[in-house]
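Here are a few friendly notes to read alongside the model. Please keep the structure open as you go through the points.

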Amino acid sequence: MANIKSARKRAKQAIERREHNMSLRTTVRTAMKNVTKAVASGDKAAALKSLVASQRTIDRVVAKGILHRNAGDRHKARLAHAVKGLK
């Protein structure tokens, strides 16, 4: 642990920020998992609904800078392609 007060504060802030960022990344993974589950079940209406929700979640996390813009776009494109493949 750091000895200087400002360094202790920065270390504490880094831990808090890491926990917050990890929780947001987890919400993205969960949203993506919901879409893939809906696609696997073959329910196109549920898949579309969860796709829209996951796209909003991904965009929100990208806007905060937690996920890279290209990575977010790649995830959204792959999910949309999977939903589009449903009959």
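1. Asp73 is partly exposed, at a relative accessible area of 40%; here buried means under 20% relative accessible area, exposed over 50%, and partly exposed in between, with a 1.4 Å probe and protein chains only. Please bear in mind that this is a predicted model, in which local features need pLDDT of at least 70, side-chain atom pairs count only at pLDDT 80 or more, and totals for chains, interfaces and linings use all residues. Residues are numbered from 1 along each chain as its sequence is written, and side-chain values use heavy atoms, leaving out hydrogens and water.

2. Which residue pairs with Asp73 in a salt bridge? The partner is Lys76, with the closest N and O atoms 3.8 Å apart; a salt bridge needs a side-chain nitrogen of Lys or Arg within 4 Å of a carboxyl oxygen of Asp or Glu. Both Asp73 and Lys76 sit in helix α3, three residues apart, or about one turn of the helix. Helices here are DSSP runs (H or I, at least four residues), numbered from the N terminus.

3. Lys76 also forms a salt bridge with Asp59, where the closest N and O atoms are 2.6 Å apart. Asp59 belongs to helix α2 and Lys76 to helix α3, so this pair ties together parts 17 residues apart in sequence. Lys76 counts as buried at 17% relative accessibility, while Asp59, at 38%, counts as partly exposed. The count of salt bridges comes to two.

4. Now to the helix pair behind that link. The axes of α2 (residues 44-63) and α3 (residues 69-84) come within 10 Å and cross at roughly 175 degrees; axes are lines fitted to C-alpha atoms over the stretch in contact, with angles from 0 to 180 degrees between N-to-C directions. The two helices are therefore roughly antiparallel (angles over 145 degrees; under 35 counts as roughly parallel).

5. Met32, Val35, Thr36 and Val39 of α1 meet His75, Leu79, Ala82 and Val83 of α3.

Terms used:
Parallel < 35°, antiparallel > 145°, perpendicular 65-115°, else oblique. Contact = heavy atoms within 4.5 Å.
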